[in-house]
There are 2 protein chains.
Amino acid sequence: MMPVKLLKPTEEAYQYPLLIKQLLLSSQRYAGDNEIVGGNNGKRYSYQEFNERVCRLANVLTEAGVKAGDVVAVLDWDTPRYLECFFAIPMIGAVLHTVNVRLAPEQIVYTMNHAEDKLVLAHDDFLPLLAQVKHELVTVEKYMQLSDSDTPAEAPLKTMGEYESLLKGALPEFDFPDFDENAIATTFYTTGTTGNPKGVYFSHRQLVLHTMTLAATTSMNDNMQLMQVSSVYMPITPMFHVHAWGVPYVATMMGLKQVYPGRYEPATLLKLFMTEKVTFSHCVPTILQMVLSSEKAKAIDFSGWQVLIGGSALTAGLASAALERGIQIYTGYGMSETCPLLSTTWMPLNADEFTHDQQVAKRIKTGRPVPFVNMRIIDSNGRFLPHDGEAMGEVVVRTPWLTQGYLNEPEKSEELWANGWMHTGDVGTIDSTYTLQIRDRIKDVIKTGGEWVSSLDIENLISKHPDIELAAVIGLPDDEWGERPHAIVTARAGASVDRDAVAAHMQQYIDEGLIEKWYLPDTVKVVDEIPRTSVGKIDKKVIREMLKSNG
Amino acid sequence: MMPVKLLKPTEEAYQYPLLIKQLLLSSQRYAGDNEIVGGNNGKRYSYQEFNERVCRLANVLTEAGVKAGDVVAVLDWDTPRYLECFFAIPMIGAVLHTVNVRLAPEQIVYTMNHAEDKLVLAHDDFLPLLAQVKHELVTVEKYMQLSDSDTPAEAPLKTMGEYESLLKGALPEFDFPDFDENAIATTFYTTGTTGNPKGVYFSHRQLVLHTMTLAATTSMNDNMQLMQVSSVYMPITPMFHVHAWGVPYVATMMGLKQVYPGRYEPATLLKLFMTEKVTFSHCVPTILQMVLSSEKAKAIDFSGWQVLIGGSALTAGLASAALERGIQIYTGYGMSETCPLLSTTWMPLNADEFTHDQQVAKRIKTGRPVPFVNMRIIDSNGRFLPHDGEAMGEVVVRTPWLTQGYLNEPEKSEELWANGWMHTGDVGTIDSTYTLQIRDRIKDVIKTGGEWVSSLDIENLISKHPDIELAAVIGLPDDEWGERPHAIVTARAGASVDRDAVAAHMQQYIDEGLIEKWYLPDTVKVVDEIPRTSVGKIDKKVIREMLKSNG
């Protein structure tokens with residue numbers, strides 16, 4: 001460290017730790033009449049009531065014995081109640097564990113034991129599961145019932161009571177203490193295709209800095225005003241998933257009207273969108289697809305709806321369809337390990353002159369890094385690659401809001417943070433305008449003759465063959481080239497294809513200079529069905545094993 | 001401190017200190033074609049050139065022997081060069097001292113010795129002064145000439161060379177180090193009516209947090225978009241004065257087009273406003289008054305100009321005149337000790353329905369606190385007062401960007417920070433919408449019979465008497481009431497007034513219930529002229545002495 005002149009960091013009087021409670025300071029200032037609306041039970045709260053309910057919850061939790069450092073788990077759909085947990089639990093110094101309720105029961109048990117949950121707040125829908133597995137939950141001491149009904153049914157296991165009645169009995173004031181801004185505020189688990197879920201964790205400081213940067217990013221671009229004080233926010237990414245991308249904290253800091261839809265059913269989402277006049281949401285592509293294609297959506301005017309897409313790539317088809325329905329659609333990029341926001345679509349000032357196709361092309365790009373995000377691409381030796389839109393390398397980042405590792409997984413944590421940068425596991429290009437384009441996962445990219453070739457790029461080109469329905473490309477070890485691409489394809493009904501047909505098809509792209517000749521797969525195997533994972537993604541691990549044993 | 005679960009704050013690998021260099025990360029990303037324009041010499045720089053020039057300056061400084069912790073002084077008008085100093089000097093770990101060039105020579109010498117300036121960068125206009133006093137500047141080792149001319153005149157004292165030629169000879173790359181975010185980045189002096197100037201100082205962390213909060217605040221209100229990426233920014237508050245309110249850091253972080261006007265001459269300001277299509281400026285009321293009343297301004301269409309007023313109160317008259325000329329005018333509140341921003345006008349969502357008078361009334365209010373600003377009013381016993389728009393108390397604040405004291409002034413620092421809050425020395429009310437209204441300086445407020453009475457309020461009411469030109473009101477000790485108000489007034493030409501006339505005039509406000517009867521001054525003295533300070537403010541210290549000795 002350099003011998004800089006320092007403030008007096010030890011004198012507490014002057015300190016102003018960045019704590020989640022500070023985000024509440026402004027929540028009532030800017031648009032005092034705004035409400036927080038629960039789609040789950042139709043309840044509406046003013047920000048003053050919300051602040052009081054956060055205090056009541058803090059009193060309930062501390063009276064139940066929750067201490068600073070304890071982990072409190074929540075299993076709920078998206079509700080104002082969950083938003084109260086986003087604040088009250090970390091604000092008393094405890095850690096909020098947002099349990100992924102879509103995991104298999106044994107994985108839920110694994111994460112709850114691994115995180116050492118002490119108190120569990122669970123929606124009626126999840127109490128039967130908890131009743132079943134409670135003897136396996138070795139650290140849990142108490143349960144609290146969360147019910148959407150004013151007359152809750154009896155819980156199938158012993159609880160300390162129902163949320164609303166407990167809040168009613170508690171005082172609406174709480175003196176939230178100051179503490180170290182590096183205190184862990186939240187934790188949750190990210191699932192890979194292999195092994196157990198891995199826990200990531202974020203501090204108060206990290207969440208506050210993420211919130212402030214999002215607030216600036218989402219409003220400072222004239223052509224892309226995702227959130228302003230007039231906005232009405234409804235998440236369609238679950239609150240258990242990377243704190244609904246951190247947006248509930250931003251919306252609360254800005255004092256926006258917020259709408260929490262409960263479970264994600266297209267009819268409910270569409271009704272809330274219309275009746276509450278929602279202007280901003282974020283979701284994965286499949287949810288938007290599902291909403292747009294539902295029967296009820298046909299009659300709805302979606303103009304004025306800003307939707308940020310993340311989680312997986314936004315396709316040109318969906319972007320085009322959304323724009324045609326009046327939706328201002330954008331891409332965001334990030335992951336559980338990154339809190340999550342790293343980059344978003346960036347609309348230039350002359351975007352209103354763009355054609356529809358230019359609009360689509362711009363909006364499906366992975367986008368430009370938000371302030372404070374230092375993003376680079378590196379080759380397999382860890383060297384920085386140029387930002388020329390051509391060089392492809394692994395995306396590594398430094399920002400103030402990255403998980404410091406995986407909970408109790410020292411080896412995986414070290415891998416994540418090799419050489420002082422967080423490794424995203426994604427491979428992409430960055431161009432001279434700082435725009436990132438993700439091209440592949442690093443475990444799927446094919447390293448051949450010193451070059452990196454995106455398996456997705458080859459798949460996309462092969463798929464353009466009129467007789468091919470679907471293609472999957474993987475790399476297999478090769479003595480001469482390190483790795484070589486191999487493909488499996490399915491033919492369209494009634495058609496037949498072989499390697500020669502694929503080679504002839506690819507030759508045109510080689511002739512056009514679009515790809516190099518080493519993009520051509522060494523083998524092309526025609527199959528009846530391409531292996532998929534439980535969530536429907538192409539299972540490259542299985543394909544790799546299949547082709548290896550065939551070879 | 002609570003036993004919270006902590007991240008590993010000692011492991012440097014994961015740290016991301018909040019440093020000024022991080023603000024540069026995004027400067028080229030969002031509007032790459034924008035320029036930084038110098039009104040002083042007509043030079044224009046792209047952000048890429050600007051980044052390179054910051055590196056060149058860092059090389060010049062370090063080669064000149066500047067080390068981390070050294071203080072580097074700048075005496076300059078508002079130039080792109082000064083902006084380069086805003087970044088390069090703190091980014092090498094040194095402290096930027098922005099010297100107030102409007103101080104008297106002996107005060108400039110005092111501040112430069114007190115701050116222990118080592119290297120001094122000075123504009124041609126200030127070199128003669130420095131040549132004169134150089135033997136009194138006990139810590140200064142070297143001088144650098146700043147010239148607006150391509151062929152600089154010879155300097156009247158020995159320098160290490162002229163800025164531009166030094167930059168030309170330096171490399172355009174510099175590896176800026178990481179260091180503790182609590183490192184002091186800037187220092188400058190605030191002048192009171194008595195005693196020596198007092199030094200305040202701010203860390204990298206403080207400036208970064210101030211910048212991010214401003215970026216969000218200035219763009220998130222639909223009805224008050226001071227800065228967006230399409231904005232063109234021109235400061236009209238000197239860069240030596242609280243870093244031009246910190247806005248140059250915000251504009252650079254957002255990559256805006258920036259225009260630095262050099263010296264503040266109305267003709268230059270107006271020309272730059274028109275030719276560079278300026279959309280956002282900030283200044284004190286007198287400068288805007290001067291610009292608007294200049295002959296050249298009469299033909300200019302000011303619509304689209306957003307102007308934030310601070311430094312002293314925005315009057316209804318100026319606000320009304322500005323609005324009539326098409327200027328969107330707003331109030332900001334803060335001071336040297338607060339970095340400076342604490343609060344701004346906050347336009348509600350229905351502001352477009354406001355009448356002209358309602359617009360004026362809203363815009364001259366001191367405004368609502370920006371995010372992270374914890375603002376309270378306290379009585380003379382330090383107790384918090386209610387936010388009812390009635391109770392008047394001293395404004396105290398906590399935010400992440402307050403000076404920790406006055407440089408080497410332990411007693412005054414303790415007073416500033418009594419009871420863990422920073423005392424602004426201002427007296428005001430806060431209403432239920434969190435809107436602050438400053439009413440007086442605490443040293444001028446009259447404490448009578450347990451009540452606080454604003455001397456400004458009494459002055460305003462007395463001044464409404466048709467025969468009175470100007471009124472000044474001060475408090476004098478009183479055995480029964482603690483203090484009682486006393487007034488001195490000047491009569492309009494040809495008119496005469498006395499205490500009875502003032503009493504009769506004030507009686508109507510008492511009858512209307514607008515004021516209490518104890519607002520009526522005990523004595524009213526008619527004078528030919530009201531004493532003023534050197535900068536034209538009513539000199540209450542002198543008036544107090546005058547009336548005391550008369551009593």
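Me: In which order do the strands of the antiparallel 4-stranded open sheet of chain A stand?
Reply: Strands are DSSP runs of E, at least two residues long, numbered from the N terminus. Two of them pair if DSSP finds at least two bridges between them. In this predicted model, the pairing of this open sheet is antiparallel, and the order is 16-17-18-19.

Me: Which strands are at its edges?
Reply: An edge strand of this sheet pairs on one side only. In chain A that holds for strand 16 (374–378) and strand 19 (436–441).

Me: What pLDDT do local features need in this predicted model?
Reply: Residues are numbered from 1 along each chain as its sequence is written, chains are lettered from A and ligands numbered from 1 in the order written, and side-chain values use heavy atoms, without hydrogens and water. In this predicted model, totals for chains, interfaces and linings use all residues, side-chain atom pairs count only at pLDDT 80 or more, and local features need pLDDT of at least 70.

Me: What is the average twist from one strand to the next in the sheet with the order 16-17-18-19?
Reply: Axes are lines fitted to C-alpha atoms, and angles run from 0 to 180 degrees between N-to-C directions. In the sheet with the order 16-17-18-19, the twist averages 50 degrees.

Me: Which residue is the bridge partner of Gly393(A)?
Reply: Strand 17 (residues 393–398) of chain A pairs with strand 18 (residues 422–430) over 4 bridges, in the antiparallel sense. In strand 18 of chain A, the partner of Gly393(A) is Gly428(A).

Me: Why is one side of strand 6 and of strand 8 of chain A left without a neighbour in the sheet?
Reply: The 6 strands of this open sheet follow the order 6-5-3-4-7-8, with mixed pairing. Strand 6 (142–146) and strand 8 (198–203) of chain A stand at the edges, so each has a single partner strand.

Me: Which residue stands opposite Leu96(A)?
Reply: Strand 4 (residues 95–98) and strand 7 (residues 184–190) of chain A run parallel, joined by 2 bridges. In strand 7, the residue opposite Leu96(A) is Thr186(A).

Me: Where is Pro340(A) found?
Reply: The peptide bond from Cys339(A) to Pro340(A) is cis, with omega near 10 degrees. The bond from Cys339(B) to Pro340(B) is cis too, with omega near 10 degrees. Pro340(A) is found in the loop between strand 13 (328–334) and strand 14 (341–344) of chain A.

Me: Where does Val242(A) lie?
Reply: Val242(A) is not a glycine, yet its phi is positive, about 50 degrees. Helices are DSSP runs of H or I of at least four residues. Val242(A) lies in helix 8 (residues 242–245) of chain A.
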